[in-house]
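Open the model in a viewer and keep the selection panel at hand. The stops below go from a pocket to some aromatic rings.

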There are 2 protein chains.
Amino acid sequence: MKLRFAGTGDSAQVPCFGCDCPACQRARLLSNHRREPCAGEIELDGELILIDAGRMDLAARCERQRPAAILLTHYHADHVQGLLHLRWGRGESIPVHGPKDPQGCADLHRNPGILDFQPGLKPFRPLVLGRLEVTPLPLNHSKPTLGYAIEDGVNRVAWLCDTVGLPGATERFLTQWQPHGVVIDATHPDAYDSPNPESRAAPRNHNNVAMALEIIERLGPSRAWLTHISHELDADFMATSRILPAGVEMACDNLEIPF
Amino acid sequence: MKLRFAGTGDSAQVPCFGCDCPACQRARLLSNHRREPCAGEIELDGELILIDAGRMDLAARCERQRPAAILLTHYHADHVQGLLHLRWGRGESIPVHGPKDPQGCADLHRNPGILDFQPGLKPFRPLVLGRLEVTPLPLNHSKPTLGYAIEDGVNRVAWLCDTVGLPGATERFLTQWQPHGVVIDATHPDAYDSPNPESRAAPRNHNNVAMALEIIERLGPSRAWLTHISHELDADFMATSRILPAGVEMACDNLEIPF
């Protein structure tokens with residue numbers, strides 16, 4: 001399988017509207033430093049499976065290749081907002097799998113158009129998509145959220161976003177499962193500059209880099225990618241020239257990983 | 001004042017994802033035939049006021065000029081979905097005016113970010129924005145919806161979208177007000193190809209062309225523009241080479257009207 005990072009930003013994206021921090025200024029000049037909302041694309045046997053759907057140009061991208069299925073991690077707007085337009089398309093319906101969340105986002109569930117929302121996935125009960133086996137993993141976030149353990153028969157990749165830390169059961173599953181690759185939420189710099197001192201000490205909905213690196217170290221994959229990156233984190237890396245552990249990198253938009 | 005049509009399409013836009021009708025094929029080849037979600041931009045005294053916010057690239061457009069205010073007609077996704085991203089920007093808040101609709105769209109009201117949602121506008125009670133006087137006009141739609149009678153002291157333009165027909169009180173106001181220009185919902189071709197015979201006879205949420213032209217004739221502006229145009233209507237015009245009455249035209253994206 002091939003994994004493509006379709007987007008690696010947080011809800012504000014990079015550049016963030018109206019922001020003049022060094023990371024946003026750089027992204028306006030150099031398009032390879034832009035970050036669209038966090039999303040992935042998996043290609044296997046000529047089929048395309050999307051992970052999340054927050055890119056605003058989703059419909060135009062899907063015209064190049066119609067996705068066989070869409071996996072949603074959760075229903076925050078930056079992970080589903082592209083569906084608000086895509087749903088009004090024509091042709092065969094597109095199955096959409098995700099966590100049980102009756103509220104969903106806006107009127108997506110009430111007016112699904114060509115989207116075929118499947119019943120909410122049960123944690124740890126694998127879903128088969130072509131040759132892929134996809135196991136939903138509960139994550140810690142402010143809305144019902146699932147990560148995915150994705151296996152093509154040979155390679156094992158865990159997509160763990162959005163989350164702060166990992167629930168015990170998810171960590172136990174992953175420790176046994178031994179992923180080759182881990183993609184993980186690392187939204188905030190370690191000195192997360194929140195106006196709330198409590199969040200500064202312990203972010204509530206997303207990992208900071210230190211938290212993401214601790215999880216990666218415990219799971220021990222050969223490679224790992226940080227994603228859902230805020231402009232604050234990009235600016236922090238620009239200022240500090242921080243070096244990540246071997247095998248760990250900041251993902252960037254359009255990065256392709258052949259497994 | 002100057003009025004720019006930032007988008008003239010319906011929720012599916014043109015081209016519609018996955019559609020091979022002649023209008024969608026043409027729009028894929030010729031970008032001047034594309035239609036983004038219906039929206040307007042008014043420039044006066046160097047300030048920019050947006051009407052609706054459904055363009056997916058709203059934040060990028062607003063980076064060119066920060067809007068002084070946003071007027072919303074209603075909270076259907078194709079009229080507000082660009083706000084889901086814009087709200088997470090930086091800098092001074094942007095006032096947003098619109099109808100009273102406690103539900104809004106997704107979590108916009110609960111998590112407004114830099115958007116400063118003002119109390120719901122009262123029908124027929126004018127709002128002053130710089131030198132503009134803007135009078136909210138109730139429309140007929142499936143969600144609370146307002147059109148706007150916009151006056152710069154000299155010119156009077158009515159923005160009437162989304163609507164099917166006009167409520168009596170709105171029509172009486174406009175007959176007295178005597179607009180120079182009218183922008184009006186004309187989503188469907190007259191032989192609206194709905195699977196539901198009842199809707200085919202009488203569209204329920206949007207005008208067809210005949211209904212829009214009847215309203216224009218009754219209001220008697222010197223110029224009028226059809227907007228919120230579906231790919232079905234574009235295809236219908238391509239097939240029939242229909243001619244519109246003098247002074248009436250199909251709007252197209254990026255059309256600018258100096259008043």
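The lining of the second largest pocket is made up of 16 nonpolar, 4 polar and 12 charged residues. Here Ala, Val, Leu, Ile, Met, Phe, Trp, Tyr, Cys and Pro count as nonpolar, Asp, Glu, Lys and Arg as charged, and the others, Gly among them, as polar.

This is a predicted model, in which local features need pLDDT of at least 70 and side-chain atom pairs pLDDT 80 or more, while totals for chains, interfaces and linings use all residues. Residues are numbered from 1 along each chain as its sequence is written, chains are lettered from A in the order in which they are written, and side-chain values use heavy atoms, without hydrogens and water.

The volume of the second largest pocket is about 640 Å³. To find its centre, select Glu36(A), Met56(A), Asp57(A), Met56(B) and Asp57(B), the closest of the 32 lining residues. A pocket is an open set of points on a 1 Å grid over the protein atoms alone, where a 1.4 Å probe fits, with protein on both sides within 12 Å along at least five of seven lines; lining residues have an atom within 4 Å of a point. The volume is the space filled by probe spheres set on the points, which are joined across faces, edges and corners. Helices (H or I, at least four residues) and strands (E, at least two) are DSSP runs, numbered from the N terminus.

Next, the rings. Over all chains there are 12 aromatic pairs, meaning rings of Phe, Tyr and Trp (its six-membered ring) with centres within 6.5 Å; planes under 30 degrees apart are stacked, over 60 edge-to-face and the rest tilted. Select Tyr75(B) and Phe117(B): their ring centres are 6.4 Å apart and their planes at 40°, so the pair is tilted. Tyr75(B) is in the loop between strand E4 (69-71) and helix H3 (77-80) of chain B and Phe117(B) in strand E6 (residues 115-117) of chain B, so the pair ties together parts 42 residues apart in sequence.

Last, select Phe5(A), Trp159(A), Trp225(A) and Phe259(A), which ring pairs link into a cluster.
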